[in-house]
Amino acid sequence: ELLGNFHENPNIFVVGDEKQAIFRFQGASLENFLFFKEKYKKAKLINLKSNYRSTQKILDAADSLIENNKEKIPAKLKAETKEKGEKIKVRVFLNKEEEVEFIAEKIKEEIKKGILPEEIGVIFRENKDAEVIADTLERKGIIFSIESDTDIFQNKEIQKIITLLKAVEEIGNDEKIIQALHLDFLKIKQLDIFKLLEAREKNRTAIIKIISNRNKMAEAEIEETEKIYHFFTKLTEWKKESYNYGPVTVLEKIIKDSGFTEKVLSLSNYFEIFEKVSVLFKEAKRMAAIRKEYSLTDFVNHLELLKEEGIRLKGKEIKREGIVRLMTAHKAKGLEFDIVFIIGATDGHFGNKRIIEAFSLPNELSFRAEKAEKNEDERRLFYMAITRARKKVFITYAEYSEEGKEQAPSQFIEEIKKELKEEKREEKKEREFYFLKKTEEKIEEAEKIFLKEKFLRKGLSVTALNNYLECPWKFFYESLLKLPKIKMRQASFGTAVHASLSGFFNKKRKGEKANDKFILKEFERALFKEGLREEDFKLSLEKGKKILPAFYNNYKDIWNFNTKNEVRIKGDFFNGKIILNGMIDKIEFITPTSQKIDVTDYKTGKPKSRNEIEGKTKTSRGEYKRQLVFYKILLQALPQKFILDKAILDFVEPTDGGKFRKEYFEISEKETEDLKKEIERVWEEILNFSFWNERCQDKKCKYCRLREIR
């Protein structure tokens, strides 16, 4: 416009496809076409009507969809192919598993008929949609490539390599070594890992000291001692090399010697994984070239930082023959296939997307998007996806999400004229039962016996129960196996606060003198035992000195010192069927002679609202309230027949306004009975290992990820 506006009718020729203007965020929008028409009224519009790709039925279906856009340049496409073509095939499924199973089998069927794999395109809306279909194609032995913008950090095999790099870099860190031992390509028995964790807990020693000593492993009754010892020697060898060589050399050595290469070569999409490994190598080379003394530690920290900040590492795409191609709708622009599968076509996913605007763009940068219907760009995207196909289009969706929520079909499916589409609900078939059974991993009998004995020894605490309800694998690794982990500063602070208040109330119960100075002295002593880093110790001590005297002064005149503190309870419940255990911070006797008591649990951290405590908000699960109800059940194991009056959550830290809060609860019989039923259910599920093939709903869950790398 600026270059040509000297002339009344400048000599400008513009080419574009307004129906495929899908990159608004890059400035490509239909408004540009409409603006041009308005600006240069004498410009001649030449509509190209011949299409040399798709059948007429596909083109008519796509046109019937795009007709629903208000802003458009009318033009009907005519197919130059003589092939009659088929209607758009809309397939409906109960859930995602059935949807991807159908797609995988249909792809196999089409390849068997003679369609080349590279002539099949699977199109989805977002990068994350690739995972489920990729897993299914992998199980079916269908070779594929994902051509969307997924970065290497999202690939499971790359995650495994990074897990091993972290174990080498922090060779003395029990948590990192145990995570590495879980890696499937090391082929270490699961039961041996369980026994290692048992030996660590029993002997209170580091994992590295056990795996470096054949005798200690024999004492722990580990079967494949040589395999684990070999891993230890490799670990120390790689660590030694990390002191003498750069990260590229060490990375190459680890990939070569660990068994990773052999594992990847056994997968149907091995070339795709090796391309991602190549990206990892290039990044290591790039960083090492910047700084001469660049080490493995630097590289691991760099990868962690990239991941934390959401910075992607992506490689060049190499097109190959003989593979099915998976991609996002945006990525599919300009491509064509004999057969196209548009998957996950649900409302809110394709169309009616929720838009979160963090900030507003100035008018001159907004491309007047606010004037257009929200769905117009989405409809163009769907149009473009349909017109990638030469011969056949399958549009699929599931009626229920992976979380079990009901889903509606995309409105774009409804907008395609009835006579141009063939809708069908696919019923679950026998073959799919086989598929589901095949993916399950059976637990070995020896593992069952070992884990059952360990669970029965420990019993079920309220923390273990809460962990299980959040994620069965969080319970498994954190509560049952006691997976080693670095204690966070906040947790150490809480432990020290509990110890100081327990010491204070014990002293006062005996009639001895104690005040805020005594509490602080006990706190500092307990905090020192936590073994924090100097900086964390100073921060925690400073915080304790700030809040504990204020907490003492707030309650010193009203405290009842007729108490029992840190009362540990373990016993048989439900007619001896279930073992429960726990520790109550404080039992307070209301009168010297009465059996009526109040139970107090101290909480560090900012005070929670009553709704949060009871699990009535979106971000809470009711763990705090469940804990108080659990205590009421626990009290039944004590020989004294206590009558619980109130259960109290005592927040040691003040609100932002400087006030201290306590929340009082009267635990009803219904709440108690409901929790008893929950405990019975969980106990049964754990003993029967019915959670073995389950995963929680959190896709970022580190415990489920650890389970997956086996």
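Mentor: Let us examine helix α18, which spans residues 445-458, and helix α26, which spans residues 669-688; the two pack with their axes 9 Å apart and at an angle of about 150°. This is a predicted model. Two packed helices are described by the angle between their axes and the distance between the axes. Angles over 145 degrees count as roughly antiparallel, and α18 and α26 are therefore roughly antiparallel to each other. On the side of α18, the contact is made by Lys452, Phe455 and Leu456, while α26 contributes Trp683, Ile686 and Leu687. Sorted by class, this contact has 5 nonpolar residues, 1 charged residue and no polar ones.

Phe476 deserves attention: neighbours within four places in sequence aside, its contacts are Phe194, Leu451, Leu481, Phe691 and Trp692.

Finally, consider the protein chain as a whole. It has 27 helices and 14 strands, and of its 710 residues, 50% are buried. Among contacts between residues at least 6 apart in sequence, 75% join residues at least 24 apart. The C-alpha atoms fill a box of roughly 100 × 60 × 60 Å along the principal axes. The chain exposes about 37,800 Å², of which carbon and sulfur atoms supply 49%.

Notes. Residues numbered from 1 in each chain as written. Predicted model: local features only at pLDDT ≥ 70, side-chain atom pairs only at ≥ 80, totals over all residues. Heavy atoms only, no water. Axes fitted to C-alpha atoms, helices over the stretch in contact; angles between N-to-C directions. Helix = DSSP H or I, 4+ residues; strand = E, 2+ residues; numbered from the N terminus. Parallel < 35°, antiparallel > 145°, perpendicular 65-115°, else oblique. Contact = heavy atoms within 4.5 Å. Nonpolar A, V, L, I, M, F, W, Y, C, P; charged D, E, K, R; others polar. Buried < 20%, exposed > 50% of the residue type's maximum accessible area, 1.4 Å probe, protein only. Areas by Shrake-Rupley, 256 points an atom, 1.4 Å probe, with all protein chains shown as cover.
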